[in-house]
Amino acid sequence: MADYSVPKQILALKPKGTMVKKIKGSYYVYNYKNIKTNGKWKIKMGECIGSIREDTGFIPNASYVFEDRISVYEYGQYYLVHEAAASVLESLKLFFNNEDAIRIYLISIIFYINGMDGISSLEDYYDQSYFCLKYPSVSLSYYKAKQLLDALGRREDKKKGFLEYLIDLSDEMAIDGHDFVSYSKLDDLSQYGNKYHKTGNRQYNMISAYDINTHTPVFAKMFSGSLLDKTSIKDVLKAFNIKGKLLIMDAGFYSADNIKLFEEGNSYIIPLSENLNDYKKYVDTIDYSSSFIYKAYRKSDPVFYREYDLESKRIIVYKNMSINALEADDYQGKIGIDDNYTNEEYERLKDRFGIIILQTNTSLSPEEVYYKYKSRWSIETFYDTLKNKIDFDALNQQSYYILEGLCFISVIIGLIHHEFKKALQGSKINYRDAFMIGRSVKIHNNGKDYEIANIAKKSRQLFEALGHTVISIADI
């Protein structure tokens, strides 16, 4: 009886997405596709694209070029980020099964390195990178990626567990809202919002928290572009178990009802906006007898302050003299150019430049309150990474659930970014340059095994700075 079976060692040599048929002792490779007939899926064999010989591997037909198996893979940048942020993957595995944790991790790394240019691009990046060799059983097809992101939006228990794990690790967090432009008119969250007069487009909003000490994201949640931050924050505080924390808020979250929510088991620091009665009441009461020196960015700014104790809260008026001078110069430079700026108005405002009024229920000193509030700038670096470095704006999704899934991915990207930058400390190489240097290092499949290619001096130095020896890396 004739034997038409194909040995495993032959199957291992076939290109992805093909099938092998044994004919008269030789092995021929065919394209195929799945078709549905009478409600059942069947495999339909396509054209022959080549043959396989055990000693030489896949031999394509003369006409077969683009469908050939990839033999050169992107390696350096993917390997370095993967290894530097390995602790993020281990944390994900505490809440997700291994396959989902790995898929979330790989999607986050691919978006981190290449930018968020669409879910459909994930499979190509995966197939062209060493990830398809390290994790051959993990699919990043459009369907699988979309299915995972949709599940992250619909099934919140594991995602929420991971985010509350991050919340538990944080003692002091800045919470802020940010808007992202949406060019889609169909997605569930895209609405006209407060930035419409500037952008001319709809938007969706994100509220996120950032640990001011570790500079890592803590959580993020998407909201309709039409909702104000002071409304959305109520849902955030209900969604997560946030207790025993110092919450450093933005002025957009201020309302009497929200202050009561902030006080429920937490302490807070929040600025008063200029349209509040309390701001108008205290803005001109600065006391120049109390001061400290605020040191940041190699600068030393004199800051005067005056404090008021009011039952369960404190109002502290600050005036940063360096900011006062900068804002005064800026205003004067616009007089005579812009009709909204006049000498009369300058005389009225000049003593208010550089003033910020903070409300808090903490027992921290005025100087400590000021430093804590100023430390919230770090959350802007998170938004800058999302908006300008990985282009979160480019994701024109029409599904609320997928947007929520991508919002979770943004937190993982922030964690990966932090770990990679931490690994680079002391190397004098920034992460963008590390991507460029690492990108030159490839994996080449010579038909029998894998070898590292393009090992330039800069590449070797980068790998060594991160604790790796590029020449010996062959354990795919």
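**View 1. Salt-bridge network of E156, K159, K221 and E404.** In this close-up, E156, K159, K221 and E404 are joined in a network of salt bridges (a side-chain nitrogen of Lys or Arg within 4 Å of a carboxyl oxygen of Asp or Glu). A search of the whole structure returns 19 salt bridges. The model is predicted, and local features need pLDDT of at least 70, side-chain atom pairs count only at pLDDT 80 or more, and totals for chains, interfaces and linings use all residues. Residues are numbered from 1 along each chain as its sequence is written, and side-chain values use heavy atoms, with hydrogens and water left out.

**View 2. Salt bridge between D176 and R376.** The N to O distance for this pair is 3.2 Å. D176 belongs to strand β6 (residues 172-182), whereas R376 lies in the loop between α15 (366-374) and α16 (378-389), so the pair links distant parts of the chain, 200 residues apart (helices, H or I, at least four residues, and strands, E, at least two, are DSSP runs numbered from the N terminus). D176 is buried at 5% relative accessibility, and R376 is buried at 9% (buried: under 20% relative accessible area; exposed: over 50%; partly exposed: in between; 1.4 Å probe, protein chains only).

**View 3. Salt bridge between K313 and D278.** The closest N and O atoms are 3.9 Å apart. Because K313 lies in strand β13 (residues 313-320) and D278 in helix α12 (residues 277-282), the pair ties together parts that are 35 residues apart in sequence. K313 is partly exposed at 23%, and D278 is partly exposed at 24% relative accessibility.
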